[in-house]
Amino acid sequence: MIATKKKLALFKKKVKHSVAGWLFILPMTFGICMFTLVPIAQSFYYCFYDYDVISKFDFVGMGNFAKVFTDPQMWKVVSNTLFFAVVNIPAVLVGSYLLALLLNVKLKGTKIFRVLYYLPCVVPAIVGGIVWSYVMRQNPETPGLFNQFLIALGLPMSQFFYADDLTAILSIVLMNLFGLGGGTIIWLAQFKNIPPQLYEAAEIDGAKSLRKFFSITLPMSTPMIFYNLITTFIVTLQFNGTLTFAPRNGLGNGNATYMYGLKIYHEAFRRYNMGYACALAWVLVVVVGLITVLLFKTNKWVQYDD
Amino acid sequence: MTDTALYKTRRVVKKSALYLLLIAFAVVFLFPYVFMVNRGLMSNARILEPHMYYWPDGLHFKNYALAFRDGGYGKPLLNSFIVGAIVGVSTPLSSFLAAYAFSKLEWLGKKAMFTLMMLTSLLPGIVTQVPLYVLYNDLGLTNTLFPLFLPGLFFCGAMNVFLMRQFLMSVPKEMEESAKLDGANAFLRCFRICAPLCTPIIIYMAVQGFVGIWGDYLTPSMYNNRTDAPYTLAYALYTMTGEETNSTHPEWIFAAATIMSIVPTIAFIAFQKYLIEGIATAGLKL
């Protein structure tokens, strides 16, 4: 009895002591409940309904999930997304890594170049979309700048993202290469974290730059490579940036740039198939979760210090 | 003697080659940016010519004035600044309040709350978009500027809170002890003592918040469906995509696009020390 009383008194004291903390965390708690937790629950609930926000709200059971796998557009959407991921992720990661190696060379003025290379990342995506639609214009009478280059080099013109085949997605990867400076900053910070003693020891042993790279820099950056691989992967699967430049509201000619993230956007905010859009989003969550787990299971190549 | 000379020339050649490479990359990376600025400065006659020119025919700075006066980009520009200012303040503020509670105060449920917060960062944002549309629709907030800043008034993402918490944890406890003895409460202590020490990360978050919402065309495109809705500059430009070729004044689009890009560019260059540090730690910490 006395023990419980003591415990109760202690608890009361703790509660009293907690008031300040709770007051500070109150706005965040409200925000998370209102704009994250409740929407998550709702989103899950809508998966089982045919819902258009205005009038229709019919229970369809697993119908929306069945539709995800029988939707005739799905084959194109999934294959586009996978092709984009397979080309874009290595291109961006390797490209920004190589650029970071270049900027890591001890030379005067590399800081200025670091800033210059980052500038394209500062340009808002929508501006990028407008600029690219001019630069990559495919009209044979009024070719865009890239096609002017190709003509000058005596090469055939390209349709870039206006094409109805894989050229369209390759053009998006080409655009993304202009944003390499963003990843570069993170790699450079990682290089700084590598203890200089390692290089000193290697130099005493007479190691050349190439050897130092493969024996020190590369293995020491594997944790970051792994982290960037996962984050880039998640972002790539949700990509809907084609909205800002590709024809037909981002779908591209012949659905050449129709990808999973854009599919969700279109079903939700163009066709108002809210239930179906939620089901698509949850399928993506499961896929992303599974692949993240798979990546973690196969990360033996990652070298952690501790 | 010849050996050292040879070594010297080799080093000079190597250095020059590296500089050439660095400059070549800079030219490539900045090529679309310069293209945009050039087109915003072209005369109407030149931009409407079938041949696509890279360089402008003189510097027609009046395009900027005309784009914002006659081109209809004036009000969106103002809206962008209003929303940007709100988010620029709310991002560091909301993150700071939560981070202070996580790093400096003891309270029941702290660990659980922190785990919950970190879990929210794992969920793709795409999941909550549809219910948020329904919520804004119910509250009558579609076709307003509210969806752009409302969630951020309370919570601007686990990443920001996490970073701020890391920063606050490096502020020594002793800093607050004397104020505590003088009877200052947690609220006073956090704003008088801890906040000034967090200036670098506060600047980083303010600029990130501003730049993020400044370029956000997606949120209005989801939650706006009327043409009389208040546009931001990003959304005004978004409604132009695919229409550029029909426009009689494409130079206005590019003038507006230039302003749209120059504002974050200035912010980046002015605060680059804080930003590069912040971007790097944000990338490394999680």
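The model is predicted: local features need pLDDT of at least 70, side-chain atom pairs count only at pLDDT 80 or more, and totals for chains, interfaces and linings use all residues. Residues are numbered from 1 along each chain as its sequence is written, and chains are lettered from A and ligands numbered from 1 in the order in which they are written.

Chain A has 13 helices and 2 strands (DSSP runs numbered from the N terminus: H or I of at least four residues for helices, E of at least two for strands). Some values for the chain follow.

| Property of chain A | Value |
|---|---|
| Radius of gyration | 26 Å |
| Span of the C-alpha trace along its principal axes | about 90 × 70 × 35 Å |
| Buried share of the 306 residues | 36% |

The radius of gyration is taken over C-alpha atoms; a compact globule of 306 residues would have one near 19 Å, by the rule of 2.2 Å times the number of residues to the power 0.38. A residue is buried if 20 or more other C-beta atoms, placed from the backbone, lie within 10 Å of its own.

Helix 12 of chain A (residues 260–269) is largely enclosed by the rest of the structure, because 10 of its 10 residues are buried. Among them are Tyr260(A), Lys263(A) and Phe269(A). Its cover includes helix 3 (74–103) of chain A and helix 6 (126–138) of chain B.

The largest nonpolar core has 141 residues (buried Ala, Val, Leu, Ile, Met, Phe, Trp, Tyr and Cys joined through C-beta atoms within 7 Å). Helix 11 (residues 199–214) of chain B gives the most to this core, with 10 residues.

How values were computed
A residue is buried if 20 or more other C-beta atoms lie within 10 Å of its own, exposed if 12 or fewer, and partly exposed in between; C-beta atoms are placed from the backbone. Two residues are in contact if their C-beta atoms, placed from the backbone, lie within 7 Å.
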